[in-house]
Amino acid sequence: MPASEPPRLAGSRVPARGPRPPFVDWPRQFELRGVALAWVCLRPKAIVTQTFVELAEAQGVNRIQDWLDDLADTRFVAEGARPVILHDFRSVRRAAAGVRETWLERSRRQGNPFQGTTGYCALTLGAVGRMMANTVALALQLSTHSNITIIQDPASVLLKYRIPRPPADACRQLG
């Protein structure tokens with residue numbers, strides 16, 4: 001593959017939809033087949049996704065997880081410090097049957113390359129939804145030894161880790 005071409009990652013293509021705050025000025029890197037936008041930030045190392053669907057479905061979970069699996073095969077993930085993972089799921093208003101189980105199954109699987117990673121999920125939920133999300137986060141923490149935190153505003157994570165707007169060609173540097 002020529003050095004000027006980014007690696008092919010499952011389900012990714014040039015995004016057709018624009019990002020929402022706090023990512024509005026971020027360059028277009030990946031769209032995960034009608035489910036989410038995604039970015040890689042090189043320094044500090046971070047993986048960011050932002051959904052644009054209102055209904056979470058198992059198929060969407062698999063698209064995000066497939067992309068993460070492909071990303072795990074790059075030097076970006078394999079070498080050096082573990083990336084922080086930030087999922088902005090604030091567009092999601094409801095979930096289809098099986099979504100929670102699919103996410104848990106994919107995250108708990110043997111050989112998950114992101115075990116032990118620090119992750120954040122931004123959600124806009126009521127009290128019951130937040131309680132359910134925290135239960136899933138706790139199950140993932142116990143089974144993957146990862147630190148997963150449910151948050152309301154992804155900008156807080158960008159500030160905490162000093163994650164800047166990624167360069168447009170960051171995906172070409174994944175290795």
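The structure holds 6 aromatic pairs. Rings of Phe, Tyr and Trp (its six-membered ring) pair if their centres lie within 6.5 Å; planes under 30 degrees apart are stacked, over 60 edge-to-face, and the rest tilted. This is a predicted model: local features need pLDDT of at least 70, side-chain atom pairs count only at pLDDT 80 or more, and totals for chains, interfaces and linings use all residues. Residues are numbered from 1 along each chain as its sequence is written, and side-chain values use heavy atoms, with hydrogens and water left out.

**Aromatic rings**

- A pair of aromatic rings is described by the distance of the centres and the angle of the planes.
- The ring centres of Phe89 and Trp103 are 5.7 Å apart and the planes stand at 85°, so this pair is edge-to-face.
- The pair links distant parts of the chain, 14 residues apart: Phe89 is in the loop between strand S6 (84-88) and strand S7 (94-95), and Trp103 is in helix H3 (residues 99-108).
- Helices (H or I, at least four residues) and strands (E, at least two) are DSSP runs, numbered from the N terminus.
- Phe89 and Trp103 are both buried. Buried means under 20% relative accessible area, exposed over 50%, and partly exposed in between (1.4 Å probe, protein chains only).
- Phe23, Trp26 and Trp39 are linked into a cluster by ring pairs.
- Lys45 lies over the face of Phe76, 5.3 Å from the ring centre. For this, NZ of Lys or CZ of Arg must be within 6 Å of the ring centre and within 35 degrees of the ring normal.

**Gln50**

- Gln50 belongs to strand S4 (residues 46-51). Gln50 is buried, with a relative accessible area of 0%.
- Its side chain makes a polar contact with the side chain of Asp88, at 2.9 Å. A polar contact is a pair of N or O atoms within 3.5 Å; within protein, one must be able to donate a hydrogen and the other to accept it, and residues adjacent in sequence count only if both atoms are side-chain atoms.
- Beyond its neighbours within four places in sequence, Gln50 is in contact (heavy atoms within 4.5 Å) with residues including Pro19, Phe23, Trp39 and Arg90.

**Strand S6**

- 5 of the 5 residues of S6 are buried, so S6 is largely enclosed by the rest of the structure.
- Val84, Leu86 and Asp88 point one way, Ile85 and His87 the other.
- S4 and S6 pair in the parallel sense over 5 bridges; two strands pair if DSSP finds at least two bridges between them. Ala46 has Val84 of S6 as its bridge partner.
- S6 also pairs in the parallel sense with strand S8 (residues 118-122), over 4 bridges. Here His87 has Cys121 of S8 as its bridge partner.
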